[in-house]
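This report is a guided reading of one model, written for someone who has not looked at it before. Please keep the sequence and the structure in view while reading.

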Protein chains: 2
Amino acid sequence: MQNIKASIITIGDELLIGQVIDTNSAWIAEELNKIGVWVHRRVAVGDTWNDIWKALDNEAAISDVILITGGLGPTADDITKPLLCDYFGGKMIIDEATLQHVTYLFEHVFKRPMPLLEVNRKQAEVPDVCTVLKNDVGTAPGMLFEKNNKLFVSMPGVPHEMKFIMQQHVLPLLKLKFDLPFIGHRTLLTAGIGESFLAERIKGFESSLPQNIKLAYLPNYGMVRLRLTAQGEKEKTENVLNEKFSILKKEVEDVMVIDEDISFAELLGRLLKEKNKTVSTAESCTGGYIAHLITSVAGSSVYFKGSVVSYDNSIKQNILHVSDETLATVGAVSEETVRQMVKGVLKVMQTDYAVAVSGIMGPDGGSAEKPVGTVWICVGNNNSAETKKMHFRFDRKRNIELTAINALHMMCVFIKNGN
Amino acid sequence: MQNIKASIITIGDELLIGQVIDTNSAWIAEELNKIGVWVHRRVAVGDTWNDIWKALDNEAAISDVILITGGLGPTADDITKPLLCDYFGGKMIIDEATLQHVTYLFEHVFKRPMPLLEVNRKQAEVPDVCTVLKNDVGTAPGMLFEKNNKLFVSMPGVPHEMKFIMQQHVLPLLKLKFDLPFIGHRTLLTAGIGESFLAERIKGFESSLPQNIKLAYLPNYGMVRLRLTAQGEKEKTENVLNEKFSILKKEVEDVMVIDEDISFAELLGRLLKEKNKTVSTAESCTGGYIAHLITSVAGSSVYFKGSVVSYDNSIKQNILHVSDETLATVGAVSEETVRQMVKGVLKVMQTDYAVAVSGIMGPDGGSAEKPVGTVWICVGNNNSAETKKMHFRFDRKRNIELTAINALHMMCVFIKNGN
């Protein structure tokens, strides 16, 4: 069994001035992890010759596999390909298969009336010391290099192109080339208990863990995820991991929400499918974000019928039939309003369950009585409903996320409790 | 004027197994950039003593300012603080101000009935060789170290705590300590032209740029952003940057969408406010995501009235009054359906403009005639409407994003064209 270490190098000034958030690295790390490769370091550097060269030297000194994304486009700021050619001591040649593919793409997919430009032809150039990794979904091919027993893979930074090359070429290659260990994770989510109190409670458990199992605390959204990670020979390691995870689940039973690393939207979908029931949402302050989370799950059309985003009070009145009196007396951000929103959307959408939210997300719109961050949530069905008032202290974006997560959590608990 | 280089080190296994996407680094980089500090490298390492130590050595060798986030929590997997204490040759002491703050938080904000735990007291421990950077919004303080004329700042990984410490302490300190250059960016967005054809068109412009101005191409969503970045003495640099940006705008005039780095949702808001008009959405396949993008903009309640997410056909019929015949003959994913959805939502929401989408986002639900990725978009008002059929070739998440971006783009163009 070989313990293979990987480094990820991402290239591009946009990553260093904050214009783009790097989501590629997380995806690559997760996929590598699944096949037993441990990502050791991730480095982001700009489109600068010396910085990229140095990063290659640095990472090659400590890792066995170096995955590089970005800087392969057709324009002058993309210097990765000539640099790699120099770094591995090759010279540029046209790769005929890639040229055919690029020509085909421009003629038949992009349907450009113009002839292929010199820069497009350049997309088909590769260092003669690399193995070309065919990119069916874009113009820039992946490239594989070997030096001093280290593997280097260069891929485009466009997420779906990088993913294609990883899945088609890189992951199968690594599995074939190395005798990889098993790496397993077990994650559970707790709510209603702080990280430190949780740690205090399970410190006996934590000290009982063998060397090859690590416990991590991931606090977020007022909840704490606990993750056990084990590495080793598959069968034995998986057995110990499962055993330890069972013990952990018992120790936090009363505060545990889910014993899997799935979102509340996925959990909600599972609960609804089990019961063959449907749900709808009536959203004010979240502006459709709850519906978006629900419909991000593939297959959600089975149990999700729709949503009324009633941002303006007239929509609350006309479509959801919130009473004028309620809006005039207690206002849109009130327990009575969200109760009526649930009733209204249950009726208009004809669903078994519904969730409604109304609140003030900021930065403006708060008052002394109802400051920014005040939210009312209601979940219910035709028989009963539950409400909750919450206060969030963050910026608009995070307040919206927190409201949605808490609303979905409440909906799951409501269904789980037999309603 | 000093050219100060910064490195960002993020610490945490969760960043290396793909469980968490690092958004902190992009934010830090953007803020540093604004005050004239150039981020040179970003490194992510796990909760491993040697890896963190080595990262500190590496980054200190090339950067003047090293910003570190993560690993400051109260639990056993958080090793950053003792490590920094060792690294800078200090010993741990209790910081009385932090202890008072932590005690206050637990008693009055978290309202824990239990006494302060030993691990919570530990949150107030700091190396005696650091300057404490007070964290008003959390328990873990920031810490400032100096060694060989390099500045090291350690901050918690929780985004809003990190942001507080950056804004309150770190950014003002850097501005005070160094004579920083001006760094300016100008960004514009083009649509309908490929990166390589764009590059071909403006290659004369690109070669005319002075050394201190860089041009970058950022392709995404079938559009290409062009960014000019300049560094130098403020007044002179800004003048040249503005002059070059004017030339660039002229060269791409016919394909330019916006000459700012703002989202389509922000642009839509601006256009609507200028005209004092309102908008609503009727969404099938995007499941509320367009409404979410619109309402992510602060102040959107002025021009956004609401949305009907009509995931199920019954909602299209009952609330939006799409005709049974249309659904039975040409189906939900059709030009006729999105036209009727726009009409329906204009009426039920009483807005000036509306946008509607219907499509198949995948992975299932496609057919030979309407494969996954087929989308109809309609934008309109009470006088006219425009429709467009699109095909996306990606995964569910990206198909939803692309549909929403294109729908918002169409809505902006429709309004801009005087409708």
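## A hairpin in chain A

Strand 16 of chain A and strand 17 of chain A form a hairpin, with 4 residues between them. Helices (H or I, at least four residues) and strands (E, at least two) are DSSP runs, numbered from the N terminus, and two strands pair if DSSP finds at least two bridges between them. This is a predicted model, in which local features need pLDDT of at least 70 and side-chain atom pairs count only at pLDDT 80 or more, while totals for chains, interfaces and linings use all residues. Residues are numbered from 1 along each chain as its sequence is written, chains are lettered from A and ligands numbered from 1 in the order in which they are written, and side-chain values use heavy atoms, with hydrogens and water left out.

Strand 16 itself (residues 374-380) is mostly covered, since 7 of its 7 residues are buried, where buried means under 20% relative accessible area, exposed over 50% and partly exposed in between (1.4 Å probe, protein chains only). In a regular strand the side chains alternate between the two faces of the sheet. Here A:Thr374, A:Trp376, A:Cys378 and A:Gly380 point one way, whereas A:Val375, A:Ile377 and A:Val379 point the other way, and all are buried.

## An open sheet and its helices

Elsewhere in chain A, 4 strands form an open sheet in the order 10-11-9-12, with antiparallel pairing. Strand 10 (213-220) and strand 12 (256-258) of chain A stand at the edges and each have a single partner strand, so one side of each is left without a neighbour in the sheet. The twist averages 30° from one strand to the next; axes are lines fitted to C-alpha atoms, for helices over the stretch in contact, and angles run from 0 to 180 degrees between N-to-C directions. Strand 10 of chain A is joined to strand 11 (residues 223-232) of chain A by 8 bridges, and A:Leu215 stands opposite A:Leu228 in strand 11.

Helix 9 (residues 234-251) of chain A packs on this sheet, touching strand 9 (182-191), strand 10, strand 11 and strand 12 of chain A, and its direction makes about 10° with that of strand 9. Helix 15 (residues 396-416) of chain A also packs on the sheet and touches strand 9, strand 10, strand 11 and strand 12, but its direction makes about 80° with that of strand 11. Contact here means heavy atoms within 4.5 Å.

## Where chain B meets chain A

The contact takes 96 residues from chain B and 96 residues from chain A. The two chains bury about 7700 Å² between them, 58% of it on carbon and sulfur atoms, buried area being the accessible area (1.4 Å probe) that two parts lose on being put together, summed over both. B:Ile17, B:Arg42 and B:Phe197 supply 10% of the area that chain B buries against chain A, more than any other three residues.

Between the chains the count is 2 salt bridges, a salt bridge being a side-chain nitrogen of Lys or Arg within 4 Å of a carboxyl oxygen of Asp or Glu. B:Asp13 forms a salt bridge with A:Lys214, the closest N and O atoms being 3.0 Å apart. The largest share of the side of chain B that touches chain A, 8 residues, comes from strand 2 (residues 38-45) of chain B.

## Salt bridges within chain A

Over all chains, the count comes to 32 salt bridges. One of them joins the side chains of A:Asp261 and A:Arg225 (2.9 Å, N to O). This pair links distant parts of the chain, 36 residues apart, with A:Asp261 in the loop between strand 12 and helix 10 (264-275) of chain A and A:Arg225 in strand 11 of chain A. A:Asp261 counts as partly exposed because its relative accessibility is 43%, whereas A:Arg225 is buried, with a relative accessible area of 19%.

A:Glu238 forms a salt bridge with A:Lys234, the closest N and O atoms being 3.2 Å apart, and both residues lie in helix 9 of chain A, 4 residues apart, about one turn of the helix. Salt bridges that share partners join A:Arg186, A:Lys234 and A:Glu238 into one network.
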